[in-house]
Amino acid sequence: MKHVLAAAIAVLFLAPCPASASLKDGDDTTPPPERIEIEPDARVKISNINGRIEVRVWDQAAVRLAARYEEKDTHVTFERDGSGVAIEVRPRHRDGRGATADLVVDVPRAARLDVNSVNADIRLATGGELDVSTVNGDAEIETSGSRVSIESVNGDIELRAGDVELRAQTVSGDLEVQAKTITDLSAKSVSGDLEFEAQALGAGSHGVKTHSGDVKLRLPESASVHIEMKSFGGRRTLGQPGADAKLRVKTFSGDVDLIGPKTSQAPAEPAPAGFDPAGALPPGFVAVF
């Protein structure tokens with residue numbers, strides 16, 4: 001039987017429950033929490049196997065969850081974790097098959113996010129620090145936070161940011177970044193392509209490394225940067241030798257493209273507050289306000 005759960009509002013139950021309760025666990029009729037209050041910059045951990053993760057920001061010091069899944073195959077928990085919150089999707093059976101859930105999570109703007117996916121696609125907006133890890137799921141990220149860490153095996157990642165410190169590592173997934181300023185850059189890939197567009201690189205040393213993936217860097221022609229490129233075929237330097245920003249690009253067999261600014265579109269400005277109004281839920285989710 002298809003179960004639609006809205007942890008945002010528990011309208012079908014008569015009594016409140018502790019914040020540590022699970023969402024509809026077996027024969028347990030205890031209702032899920034409406035929301036869990038946290039400090040605005042507390043950590044929120046989200047883990048899903050298959051399906052979808054959508055994270056939105058709102059101006060409340062609380063986390064709210066809406067979930068849609070098949071109860072016979074999937075177990076979802078929504079509970080307090082120290083000073084923060086943990087949301088986890090697990091299989092009900094040992095073989096691990098069939099654990100699929102669609103999650104919509106509203107978090108405080110400054111919350112620190114840890115988002116982990118196996119095959120679930122990720123779509124999120126945040127203003128706090130962010131750690132994203134995915135195996136096969138793709139991720140679309142908008143952030144005005146100052147630090148982002150990304151790990152991907154096969155999933156493709158799109159990131160739009162303001163001023164951001166970026167750590168990224170992929171195997172075969174592609175990474176595409178648009179930012180106002182990349183204050184600190186460290187990116188590695190085996191065969192995935194890496195593409196960066198920014199108005200500037202911050203002072204200091206930056207590094208990009210691939211084996212067979214291509215690297216594309218788009219900066220304004222006026223950007224002050226010294227670039228050192230190294231590949232199987234040799235070494236080349238360009239830019240301003242005395243620039244405060246120094247970028248080392250190393251690849252074995254991938255192509256490296258360094259190009260000027262787009263003629264019709266400026267690099268990304270800081271991300272908006274979120275993709276959708278925090279009160280709106282997608283079709284199939286139920287909430288009554």
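## Salt bridges across the chain

R64 and D106 pair in a salt bridge whose closest N and O atoms are 2.7 Å apart. This pair links distant parts of the chain, since R64 belongs to strand β6 (residues 62–70) and D106 to strand β9 (residues 100–108), 42 residues apart. Both R64 and D106 are buried. The model is a predicted one, and 13 salt bridges are found in the structure.

A further salt bridge brings together the side chains of E88 and R90, at 3.4 Å from N to O. E88 is partly exposed, at 32% relative accessibility, and R90 is partly exposed with a relative accessible area of 32%.

The side chains of R123 and E140 form a salt bridge of 3.8 Å, N to O. Here too distant parts of the chain are linked: R123 lies in strand β11 (residues 121–126) and E140 in strand β13, 17 residues apart. E140 is partly exposed, with a relative accessible area of 33%, and R123 is partly exposed at 22%. Salt bridges with shared partners join E54, R123 and E140 into one network.

E54 is located in strand β5 (residues 50–58). Its relative accessible area is 7%, so E54 counts as buried. The side chains of E54 and R123 are also joined by a polar contact of 3.3 Å.

## Charged surface patches

A patch of positive charge on the surface comprises K188, K209, K230 and K250. Of these, K209 sits in strand β18 (residues 204–210) and is partly exposed, with a relative accessible area of 43%.

A negative surface patch includes D121, D138, D156 and E158 among its members. D138 occupies the loop between β12 (130–134) and β13 (139–143); its relative accessibility is 36%, so D138 counts as partly exposed.

Technical notes: Residues numbered from 1 in each chain as written. Predicted model: local features only at pLDDT ≥ 70, side-chain atom pairs only at ≥ 80, totals over all residues. Heavy atoms only, no water. Helix = DSSP H or I, 4+ residues; strand = E, 2+ residues; numbered from the N terminus. Buried < 20%, exposed > 50% of the residue type's maximum accessible area, 1.4 Å probe, protein only. Polar contact = N/O pair within 3.5 Å; in protein donor to acceptor, adjacent residues only side chain to side chain. Patch = residues over 30% accessible without salt bridge, like charges linked within 9 Å, V, L, I, M, F, W, Y side chains within 5 Å. Areas by Shrake-Rupley, 256 points an atom, 1.4 Å probe, with all protein chains shown as cover. Salt bridge = Lys/Arg side-chain N within 4 Å of Asp/Glu carboxyl O. Lys, Arg positive; Asp, Glu negative; His and termini not counted. Charge placed at Lys NZ, Arg CZ, Asp CG, Glu CD.
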